[in-house]
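Thanks for asking me to look this one over. Please have the viewer open while you read, as my comments go element by element.

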Amino acid sequence: MLNRNVLRVVLADNHSLIRHGIKKLIEKNSELEVVGEVGNGEELLRFLESHSADLIVLDISMPGIGGTEAAATVKKRYPWIKILMLTMHTSQQVFYNAMIAGADGYLLKDDSDEELLVAIERVKRGKNYISPSLADDFTDDVIEMYRNGKKSPFRELTKREKEILQLVVNGFTSKKMAEHLGLSPRTVDHHRSNLLRKLNKRNSADLVNYAVRNGYIST
């Protein structure tokens, strides 16, 4: 939990240079220790199965399991772990989806190095943190409203539907999806129809734009 003198931090970002830079900053603080580095959501979840952590600095846009989905899974399995999202996304919808998933903080990659340590300290103390660039637009009341009152439609998708969505983003046709997944084209089309209905989209292009824009799936 968070009752230790040293806060155990995991860095989850698919860019090693960004992880390296964050680690160098964190190492300046004797109360923080980087205990792991991973490049995507799958690696993060596997890491947490065998290692303890107090806080995750988590990029939203990663290949495979993106940051938003990873955050939701982490909070479900390890509710005591704090999550600080680190992202380039400034849109309200991406922010709201991160909060719905359970993020404790939302920091922009354009923010200063010092702001990262401020964000970590605030999240460590159990407070919500929002980048100063966005703070005027988002209040704690708004965060709680979205976190407690709404569900991300992405979280309602089945595992198979998420697989299909990733393949749609990757440009697979229904025929290629069927071959790749060992399903019939008719079954694939059924899953695609469910995706359009659940996410309230009209076509595959809308699905791709929605999934990538909101940090669910990376190109």
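Predicted model: local features only at pLDDT ≥ 70, side-chain atom pairs only at ≥ 80, totals over all residues.

Here are my points, in numbered order.

1. I would begin with strand 5, residues 105-108.

2. Strand 5 has a parallel neighbour in strand 4 (residues 82-87), and four bridges join the two. If you want a landmark for this pairing, look for Leu86, which stands opposite Leu107. Between these strands comes helix 4 (residues 92-101), and the three elements together form a right-handed β-α-β unit.

3. Strand 5 also pairs with strand 6 (residues 129-130), again in parallel, this time through two bridges. Here Tyr106 has Ile130 as its bridge partner. To get from strand 5 to strand 6 the chain passes through helix 5 (residues 113-124), and this β-α-β crossover is left-handed. Do take a moment to look at that crossover in the viewer.

4. Which residues touch the most other members of the largest nonpolar core? That core has 32 residues, and the answer is Leu44, Leu48, Ile56, Leu58, Val74, Met85 and Tyr106. Contributions of at least two residues each come from strand 1 (7-12), helix 2 (41-50), strand 3 (55-59), helix 3 (67-77), strand 4, helix 4 and strand 5. Helix 4 gives the largest share, with six residues. Apart from this core lies another, of 18 residues, including Ile22, Val34, Ala119 and Ile120.

5. Setting aside residues up to four places away in sequence, Met85 touches Leu58, Ile60, Gly67, Thr68, Ala71, Ala98, Ala103, Gly105, Tyr106 and Leu107.

6. Lastly, Asp59, for which an unreviewed UniProt entry lists "modified residue: 4-aspartylphosphate". Asp59 is found in strand 3. Is Asp59 buried or exposed? Its relative accessibility is 4%, so Asp59 counts as buried, the cut-off for that class being under 20%. Beyond its neighbours within four places in sequence, Asp59 is in contact with Ala12, Asp13, Asn14, Gly67, Leu86, Thr87 and Lys109. Two of these names come up in the points above: Gly67 is also touched by Met85, and Leu86 is the residue standing opposite Leu107 in strand 5.

Conventions
Residues numbered from 1 in each chain as written. Heavy atoms only, no water. Buried < 20%, exposed > 50% of the residue type's maximum accessible area, 1.4 Å probe, protein only. Pairing = 2+ DSSP bridges. Right-handed = clockwise from strand over helix to strand, strands pointing away. Core = buried A, V, L, I, M, F, W, Y, C linked by side-chain atoms within 4.5 Å. Contact = heavy atoms within 4.5 Å. UniProt positions renumbered as here; feature names shortened; annotations may be inferred.
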